[in-house]
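Dear colleague,

I am handing over the structure we spoke about, placed just below, and after it I set out what was found. Please read the notes with the structure open beside them.

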Amino acid sequence: MMPWVLQIPLLDLIIATPAHSQSHTASRAAQIKHSTVQNRSVAPIMAPTSSSELLQAQAELWCHAFAYLKSMALQSVIRLGIPTAIHRCGGAASLSDLQVALPVVPASKWQSLSRLMKLLVLSGIFREGEAGAYCLTPVSRLLVEDDQDQMACLSQFAVLATSPFHFGASQRLPEWLKNDDASSETPFKMAYGAGFFGYTSRDLEFGKLFNEAMSADSRFAAEILVSECGEVFAGLTSLVDVGGGDGTTAKAIAKAFPHVRCSVLELPQVADTMPEDSTVEFVAGDMMEFVPPADAVLLKFVLHNWNDEDCVGILKRSKEAVSTREPKGKVIIIDTVAGLASKQTFEAQLLMDTCMMILTKGEERDEEKWHRLFLNAGFSGYKISPILGCRSLIELYP
């Protein structure tokens, strides 16, 4: 069962301001302008701040300034295999249990590791159980790497997000914000001399890390997609996953819905290296040039990587690919619709938006920005289902 959706015909969204409202707004603007002129020479008055408030503010500042250490602590326990070790101990493990399970950590570092775990317990990555045992939480459960376990694992995604590649690019953000040079289009390019996707092809270590992270993220989303959103694929006989990487999502859809013939459009350097698969066909090509025809085009975690102009082009080509398949033809988008979320999820969306600003020319868009893209690409309507946490499922109709 899918929760509430936002379904909007594009041509119906015309916002008009009543005349009396316009008059009131103009009057109020004049009052504000007059007040501003009168008080221009008066310095802003700040409310008195007590010592306790200042000290609390200092503590908050420490938390912000040292927040990157949480990321480093998280990366450390992932690389040491601590979530998996706790899982194999039955979901709870003492420090002595971990010493047996993780001989890679020398005895001289166990006290340091316990201090690191204390921070991660406070952060909610782990929790402390009886007799001081460390227990998994829903967050650390996503970091368990176990071939015998059917649960999706996002450890590789977290390792990529906390990698030196991302951190190195983020260090160029202040310089980038002051730079108007067109050649320095992103902080990532300033740091590494190449665009994000170009660098994944040039640097083998980074390319491997990126591909593993995207596969993990796709596997996680695909499990929820096929189990919770089956009606999205009703009536379809074919689907092309544009920029679908190694085909993780397309394979999950083909397995769950055998009546849907799935293919993956990827760049030749990716498609040509994929092993033959009886369930999914790989098509070598560039989405900036064409999209193969199908009942449905899937754009999963794609459009947030690109600016508005590129997105409109991708959407227009996708519309052409499904327009001959009416009435069932549609474009399926899995991406962030910023703001349709709780406070914590909205913060996660804003962090990802900052990440996109650092790495690519894209962004995380709110519903108004999505609406503008769809209108400019010539679509007639869309339906938003905010059912995938930080991301939403969007069905787009020609």
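Strand β8 (residues 296–300) is mostly covered, since five of its five residues are buried, where buried means under 20% relative accessible area, exposed means over 50% and partly exposed lies in between (1.4 Å probe, protein chains only). Strands and helices here are DSSP runs, numbered from the N terminus, with at least two residues (E) for a strand and at least four (H or I) for a helix. This is a predicted model, in which local features need pLDDT of at least 70 and side-chain atom pairs count only at pLDDT 80 or more, while totals for chains, interfaces and linings use all residues. Residues are numbered from 1 along each chain as its sequence is written, and side-chain values use heavy atoms, with hydrogens and water left out.

Within β8, Ala-296, Leu-298 and Lys-300 point one way, whereas Val-297 and Leu-299 point the other way, and all are buried. Strand β5 (residues 238–242) runs parallel to β8 and is joined to it by three bridges, with Ala-296 as the bridge partner of Leu-239; two strands count as paired if DSSP finds at least two bridges between them. Strand β9 (residues 330–335) is also parallel to β8, through five bridges, and in β9 the partner of Leu-299 is Ile-333.

A separate open sheet has three strands in the order β2-β4-β3, with antiparallel pairing. Its edge strands, each pairing on one side only, are β2 (92–93) and β3 (126–128). Two bridges join β2 to β4 (residues 134–136), and Ala-93 stands opposite Tyr-134 in β4. Helix α6 (residues 110–122) lies across β3 and β4, running at about 100° to β3; axes are lines fitted to C-alpha atoms, for helices over the stretch in contact (heavy atoms within 4.5 Å), and angles run from 0 to 180 degrees between N-to-C directions.

As for the chain as a whole, it holds 18 helices and 13 strands, and buried residues make up 41% of its 398 residues. Among contacts between residues at least 6 apart in sequence, 63% join residues at least 24 apart. The accessible surface comes to about 22,100 Å², of which 57% belongs to carbon and sulfur atoms, with areas taken from the Shrake-Rupley method with a 1.4 Å probe, and for residues only the protein chains shown count as cover.

With kind regards
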